[in-house]
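Here is a short briefing for a reader new to this structure. Keep the sequence and the 3D view open while reading.

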Amino acid sequence: AEVVIVSGKQQAGQLVAEAIARLVRSRPDAVLGLATGSTPLPVYEALGTALAGADVSRVRGFALDEYVGLDPAHPESYRSVITREVVEPLGLDPDRIHVPDGSPEGIETTGERYEAAIAEAGGVDLQILGIGTDGHIGFNEPGSSFASRTRVKTLTQQTREDNARFFDSIDDVPMHCVTQGLGTILEARHLVLLAFGEGKADAVAGAVEGPLTASLPGSAIQLHPRVTVVIDEAAASRLR
Ligand code: F6R
C-alpha cells in the first residue's frame with residue numbers, strides 16, 4: 001500500500017476529496033464506494049469545494065453496509081447517514097446511490113441483489129474505507145472469509161460498543177448488519193483506507209504490515225494492487 005501520513009483529518013479529507021474530484025471530472029458516471037462512521041466525514045465535507053462546478057448528476061455510489069432491522073428513516077440508519085452527509089450536500093441523484101437493504105423481509109436475498117447492482121454498475125472505481133478498532137472493514141468482523149460477498153453478519157460486542165455513541169444506548173445498536181464482503185471490497189479498482197487516532201494504530205499496523213489473517217480482516221487490503229492508506233501520526237504510530 002501507499003501510506004500517506006497527514007497532519008490531521010482536514011488534510012486527509014482534502015487529499016481524498018481531490019482524488020475523488022479528479023475521478024469524477026474524468027469519468028462523470030464514476031462509481032464511488034461510500035463508507036459511513038466518523039472517519040470519512042472530513043472527506044465528505046471537503047468534497048463540496050473539490051467538486052465545485054463539476055457535473056455530479058451521473059455519479060453513482062454504493063454504501064459498504066447497513067444495519068438490519070433499523071427503520072431506514074431512523075437518523076442513524078446508513079441510508080439516512082449517506083443521504084444527510086453525502087447525497088444532499090453534494091446534490092447527487094438519490095436514485096444512483098445505493099445502500100444495502102436491511103429490512104427483515106427479503107433479507108435472504110439482499111446480499112445477492114446488492115452484488116447484482118454493483119456488477120450492473122460495472123464495479124466500484126474508488127472505495128473509501130474506515131477500519132474498526134478490531135480490524136474490521138465494512139462490517140467484516142474478525143473471522144470473515146477473504147472470499148466473502150455481501151451478506152448478513154452479526155456485529156461483535158466491541159463494534160456495538162464503539163457505535164453506541166450514535167444511539168441513545170448500546171441496547172439500541174442493532175445486532176446484525178448487511179455488509180459487502182471482503183471479496184466484494186477487493187474488486188473495487190482503488191481502495192482508499194483512512195484512519196485517525198491512537199485507537200486505530202494496532203488495526204492499521206495489522207492491515208498494512210501484519211500477516212494476512214481473517215483475524216484482522218483489514219489485512220485483506222494487502223491482496224489488492226492499488227491501495228492508498230491515509231492516516232494521521234497517531235494512527236501511524238505502530239507502523240514499523
Ligand atoms: C462503515 C464501516 C466501518 C467503519 C469502522 C470505523 O461503513 O464499514 O468499517 O469504517 O467501523 O468506524 P469509525 O469511522 O466511526 O471509527
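Two strands pair if DSSP finds at least two bridges between them. With that in mind, L32 stands opposite L126 in β6. The model is predicted.

**The parallel sheet**

- Seven strands make up an open sheet with parallel pairing, in the order β1-β10-β9-β6-β2-β3-β5.
- The edges are taken by β1 and β5 (97-98). Each has a single partner strand, so one side of each is left without a neighbour in the sheet.
- Strands β9 and β10 are joined in the parallel sense over five bridges. Within this pair, L193 has V229 in β10 as its bridge partner.

- Strand β2 covers residues 31-34. V31 and G33 point one way, L32 and L34 point the other way, and all are buried.
- One partner of β2 is strand β3 (residues 60-63), paired in the parallel sense over four bridges. Here G33 faces F62 in β3.
- To get from β2 to β3, the chain passes through helix α2 (residues 41-50). This β-α-β crossover is right-handed.
- β2 also pairs with β6, in the parallel sense over two bridges.

**The antiparallel sheet**

- Three strands form another open sheet, in the order β4-β8-β7, with antiparallel pairing.
- Which strands stand at the edges of this sheet? They are β4 and β7, each with a single partner strand, so one side of each has no neighbour in the sheet.
- On average, neighbouring strands here are turned by 30 degrees against each other, direction ignored.
- β7 and strand β8 (residues 176-179) pair in the antiparallel sense over four bridges. R151 stands opposite T179 in β8.

**The nonpolar core**

- Nonpolar side chains tend to be buried together in soluble globular proteins.
- The largest nonpolar core has 66 residues. V16, L34, V192, L193, V204 and V230 touch the most other members.
- Helix α1 (residues 9-26) gives the most to this core, with six residues.
- V16 is in contact with V43, V192, L194 and V230, leaving aside its neighbours within four places in sequence.

**Helix α7**

- Helix α7 (residues 201-208) is mostly covered, with six of its eight residues buried.
- Those buried residues are A201, A203, V204, G206, A207 and V208.
- They pack against β1 (2-6), β9 (191-195) and β10 (227-232).

**Annotated positions**

- An unreviewed UniProt entry carries the annotation "active site" for D65, D134, H136 and E141.
- D65 lies in strand β4 (residues 65-67).
- Is D65 buried or exposed? It counts as buried because it has 25 C-beta neighbours inside 10 Å, and the cut-off for buried is 20 or more.
- Leaving out residues up to four places away in sequence, D65 touches Y78, P100, G138, F139, C177, V178, T179 and Q180.
- H136 sits in the loop between β6 (126-129) and β7 (151-154).
- H136 is buried too, with 26 other C-beta atoms within 10 Å.
- Which residues does H136 touch, not counting those up to four places away in sequence? They are E141, T159 and P217. E141 is itself one of the positions under the "active site" annotation.

**Residue L90**

- L90 is in helix α3 (residues 78-90).
- L90 counts as partly exposed because it has 18 C-beta neighbours inside 10 Å.
- L90 and T49 are 41 residues apart in sequence. In space they are 9.5 Å apart, C-alpha to C-alpha.
- Beyond residues up to four places away in sequence, L90 touches L47, G48, L51 and V56.

Terms used: Residues numbered from 1 in each chain as written. Predicted model: local features only at pLDDT ≥ 70, side-chain atom pairs only at ≥ 80, totals over all residues. UniProt positions renumbered as here; feature names shortened; annotations may be inferred. Buried ≥ 20, exposed ≤ 12 C-beta atoms within 10 Å, placed from the backbone. Contact = placed C-beta atoms within 7 Å. Right-handed = clockwise from strand over helix to strand, strands pointing away. Core = buried A, V, L, I, M, F, W, Y, C linked by C-beta atoms within 7 Å. Axes fitted to C-alpha atoms, helices over the stretch in contact; angles between N-to-C directions.
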